[in-house]
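Hi,

Here's the structure I said I'd pass along.

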Amino acid sequence: MASPMSITALASDTIINAGAVDYLILAVYFVFVLGIGVMASRGVSDSVDFFLSGRSLPAWVTGLAFISANLGAVEIMGMSANGAEYGLPSVHYFWIGAIPAMLFLGVVMMPFYYGSKVRSVPEFMKRRFGTGAHLVNAISFAVAQLLIAGINLYLLGSIVHALLGWPLWVALIVAAAIVLSYITLGGLKAAIYNEVLQFFVIVAALTPLTIIGLRKVGGWGGLTDKITSAAVKNGTSAGDQLNSWPGNDISGFSSDLLSVVGIVFGLGFVLSFGYWTTNFVEVQRAMASDSIASGRKTPVIGAFPKMFIPFITIVPGMIAAVSVSEIIEVKAGGSVPGGSSGKGVAYNDALLYLMRDVLPNGLLGLAIAGLLAAFMAGMAANISAFNTVVSYDLVQEYLVKDRDDSFYLLVGRIATVAATVIAIFTASLAGNFSNIMDYLQTLFGFFNAPLFATFILGMFWKRMTATAGWVGLVAGTGSAILVWALTSFGNPWTLPGQGSAFLAASVAFVVDILLSIVVSLMTAPKTSAELNGLVYSETPREDLVDANEASHPWYQRTIPLAGIALVIVVILNILF
């Protein structure tokens, strides 16, 4: 719905034809982003300021940053692509695959992270399991962040390509430079304050898109009617797209029982808990808070907006699948030239084409700013976690020890630049997937599932040993890669949808647990004194809570807030 006064882009293959007011909105947004980076840089005097914001931020700031850091490719393009391809079952990534794990992180695990005063999740692994598990975790985490940062950068570049028609490689370099500028200047504090700004920009951008899109298709009733008609035409079942359970298409299983088990165990337990409770990208935000009480409340506060984000990400994808001609053709099995990658329209393009079709100038600029905000938040989160692990867990621990603090601060800034450059190349991998969620869930199965198995067993079983820690991690990751390869390329085991990722993650978890138990029984454990603050049974309760929190009103306490969030998400699962 762009006006005739739209600015002529630099190439003729633009998807979005933006007007002057849209470019003005984008310019104002970027001034704010870079301004926050400059202001945050004034407070960076040492490595703790750069990597952990000096542990000085209130819970509401870290809570919004916690959820905004995840509002990157996963939430926006990935979930809209899922909505277009699979429909309503995509809500499982939120209500089953996120909220329970976020609440568990806040209630149970954050006291260990925050109370131990570690600077990263790999450093916690070192204290619990020693250098073997620490090195394996640090390296695998660093590799994962480079790959996931590439996803966000790819989608960020695709927006620039769709807007201006620049070649994708040029768009990638420009997009990377913007993120690099404010992270290098202000470190984690710049990333977090930008994430808070980006959260509000994203919500303000996607809410009008959802409302106008629903009006275009005749409301929720009109949307369900159109999905039903399209399903009949394509020879599929509308029920699979309009009901979240049993979710056969998204799990890859034809059996309803296996589908539910796959979603609950593979996604809801292994992948979800593996991501939310051990992923330093998220945990780092909570560790930047000003107290153990704020650290615990950080993921709990984030759970409330998280559970409603499907309505502004998945629903627009579902609307695009029945109202955007290009996506309708793709869903019917056709091939459409163009798309943000230039290699053909894919489900990843659903949101861009819906924006093109339904948003007027002004709102279009706000929506573009929201997408750019999302991808910058995601990429900045990956890079700020990467530079911390490289500086503290790899360089300081194994390569250059006992240097002054300014040296490691410099290493962190160099790592930031290096990660951004490498992400330009890893971005090309993301372009090979028509649904970016397929790629992302595969990576989580490789890296997060075995880490969660090691973590959870070591936290609640004091007998687990250091040798078991690194052996379990290596075996779990190897088994996930093997299962994924067999189910992706080796008939007759091929699974459609994201079933391969669910199964690979589940196998990695089981292999890690079983092997860790066997190895632990054959090797010597640490003493009880060495496990204080690292194992639940060996840590005094008073070390796991903030004594002052009991005097706060109920709505400022962790447990009541977590209970309310859990009740709401159960109701949502029943309704949909």
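Below is what turned up, starting with the core and moving on to a few helices. Keep in mind that this is a predicted model.

The core first. The largest nonpolar core counts 163 residues. Met102, Met110, Tyr113, Leu153, Leu209, Met355 and Phe455 have the most contacts inside it. Helix α19 (residues 363–399) supplies the largest share of this core, with 16 residues. Domain 1 (20–430 + 540–570) and domain 2 (438–539) both contribute residues, so the core lies between them.

Setting aside neighbours within four places in sequence, Leu209 is in contact with Leu351, Leu354, Met355, Val358 and Leu359. Met355, like Leu209, is on that list of core residues with the most contacts.

Next, helix α7 (residues 121–129): 7 of its 9 residues are buried, so α7 is largely enclosed by the rest of the structure. The buried ones are Val121, Pro122, Glu123, Phe124, Met125, Arg128 and Phe129. Just after α7 comes Gly130, with a positive phi of about 95 degrees.

Last, a helix pair. Helix α13 (residues 256–278) packs against helix α14 (residues 280–287) at about 40 degrees, and their axes are 5 Å apart. That angle makes α13 oblique to α14. On the α13 side the contact involves Tyr275, Trp276, Thr277 and Thr278, while α14 brings Phe280, Glu282 and Val283. By type, the contact residues split into 4 nonpolar, 2 polar and 1 charged.

Cheers

Notes. Residues numbered from 1 in each chain as written. Predicted model: local features only at pLDDT ≥ 70, side-chain atom pairs only at ≥ 80, totals over all residues. Heavy atoms only, no water. Axes fitted to C-alpha atoms, helices over the stretch in contact; angles between N-to-C directions. Helix = DSSP H or I, 4+ residues; strand = E, 2+ residues; numbered from the N terminus. Parallel < 35°, antiparallel > 145°, perpendicular 65-115°, else oblique. Contact = heavy atoms within 4.5 Å. Nonpolar A, V, L, I, M, F, W, Y, C, P; charged D, E, K, R; others polar. Buried < 20%, exposed > 50% of the residue type's maximum accessible area, 1.4 Å probe, protein only. Core = buried A, V, L, I, M, F, W, Y, C linked by side-chain atoms within 4.5 Å. Domains from an automatic or database assignment.
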